[in-house]
Amino acid sequence: MTTKYLAARNVEEALAGLDDGAKVLAGGTDLMVHLRRLRLCGAGLPEYLVDVTGVPELNRLDMDADKPFLGAGVTFRRLERDAAVARRYPLLAQAGAVVGSLQIRNLATIGGNVANASPAADGLTALAALGARAEVVSSNGVRHIPLEELIIGPNTTCLVPGDLIVGFKLDRPPEGSAQRFYKVGRRRAVVIARMNLAVSLDREMTDPRLVLGACFPSPRRMTEVERLLASETPGPELWREAGRMAAEQFVQVCGWRSSAPYKVPAVANLVSRTLESTWAELGVAG
Amino acid sequence: MNLVFEINGSRRSLGNVPCHATLLSVLRDRLGLLGTKEGCGVGECGACTVLLDGEPVNACLTAAWKAAGRNVITIEGLATEGLHPVQEAFVDSGAIQCGFCTPGMIMSTYALLKRSACPDVEDIKSALAGNLCRCTGYKQILDAVRAAAAKMDRTHDDEVSGG
């Protein structure tokens with residue numbers, strides 16, 4: 001059987017391949033595992049792959065622009081090491097650094113992380129905290145889809161064959177924000193998150209962001225917790241209350257599962273401690 | 001269309017490589033380079049670590065066609081005349097028992113020492129986090145990486161074919 005592999009050089013080539021029935025290949029760290037499983041089961045393998053990682057638009061990283069843009073083909077290794085990412089979006093750099101291993105981070109892309117839509121994906125928690133809106137192109141045109149609408153459930157997106165994620169527009173955090181990304185797993189490296197957390201705070205609490213990941217079917221900002229943070233006086237009591245509220249919402253959405261006696265206190269402590277350390281970084285007196 | 005890439009310093013051209021083939025299957029089954037091991041096959045163990053344009057990747061997760069026009073180095077590419085200093089250090093430090101993880105460990109170590117001549121313990125642990133060893137308990141491997149750093153610093157002999 002003759003198969004076809006297209007290393008697309010631009011968006012037009014990629015879309016032409018997709019319209020011709022090709023499947024999208026980005027870093028491949030999820031797709032190649034999936035194909036291995038198909039091969040072992042004797043199931044049919046794709047006959048046409050279009051590799052989109054060489055498309056210039058997908059590699060654009062424009063953190064300092066008025067409308068910051070993160071290309072879908074940017075690898076986690078690049079997020080981990082890029083100076084502008086570390087300066088503008090430290091939580092994105094921190095998330096990039098804890099994905100898989102170095103070997104995986106050299107391949108895996110932020111766009112692939114979104115398209116795969118694992119509930120435990122570290123990239124999704126980080127992007128949700130930054131209000132990411134995906135730029136999706138197809139031969140029918142361009143759509144801008146908020147991340148929380150793009151991912152409609154575990155490993156499920158609203159994308160259809162022919163769609164290509166070009167990148168993500170990100171909110172600009174208020175000047176002087178402090179950000180944290182934290183991951184809880186069975187070990188420190190090469191681990192799938194049991195839970196992860198992205199937090200962004202500023203001194204005036206004008207736009208606090210808090211996303212708890214791997215605890216819900218799809219990424220979401222905890223808007224009630226964010227409202228609480230914006231309305232009360234910052235301090236140990238508020239951090240405790242925010243942790244308690246996050247744990248309560250976790251149970252409301254996911255029910256009281258067998259893991260709940262472990263996860264509920266972990267959520268509460270993870271949220272309150274991360275808020276405390278993020279606030280401490282802002283160095284507000286009192 | 002043929003898949004053309006540089007492997008351990010030589011240019012190779014292969015026909016009939018399916019779009020879904022892994023770089024690992026091409027190295028082992030088409031080129032007979034059996035030094036690169038398949039451990040888990042899903043990117044967890046690092047036994048298949050090779051360098052793609054100088055950066056460590058899991059060959060089991062890398063589509064073979066991603067290597068087109070690029071440069072791949074495997075464990076076979078390290079030793080030129082006698083063992084490479086990183087290989088010597090692994091032997092001398094007792095960092096090998098069954099040896100299955102060793103090619104991957106050595107490729108990750110080699111990539112680390114190319115980036116940073118004098119890595120501290122945390123750098124080493126982070127660089128090797130994607131390489132599992134079920135025999136040595138890692139102490140001897142950490143010793144080997146430090147010994148390799150000292151050797152390479154002394155000899156400046158870090159020239160690898162195509163690297």
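The model is predicted: local features need pLDDT of at least 70 and side-chain atom pairs count only at pLDDT 80 or more, whereas totals for chains, interfaces and linings use all residues. Residues are numbered from 1 along each chain as its sequence is written, and chains are lettered from A in the order in which they are written.

Chain B contains 5 helices and 5 strands (DSSP runs, H or I of at least four residues for helices and E of at least two for strands, numbered from the N terminus). Along the sequence these follow the pattern β-β-α-β-β-β-α-α-α-α. The C-alpha trace of chain B spans about 45 × 30 × 25 Å along its principal axes. Of the 163 residues of chain B, 47% are buried (20 or more other C-beta atoms within 10 Å of the residue's own, with C-beta atoms placed from the backbone).

In chain A, 3 strands form an open sheet of order 1-3-2 with parallel pairing (strands pair if DSSP finds at least two bridges between them). The edge strands of this sheet are strand 1 (4-7) and strand 2 (23-25) of chain A. Strand 2 and strand 3 (residues 48-51) of chain A pair over 3 bridges, and A:Lys23 has A:Leu49 as its bridge partner in strand 3.

The contact between the chains takes 25 residues from chain A and 23 residues from chain B (residues are in contact if their C-beta atoms, placed from the backbone, lie within 7 Å). On the chain B side, the largest share, 4 residues, comes from strand 4 (residues 55-58) of chain B.

Conventions:
Contact = placed C-beta atoms within 7 Å. Buried ≥ 20, exposed ≤ 12 C-beta atoms within 10 Å, placed from the backbone.
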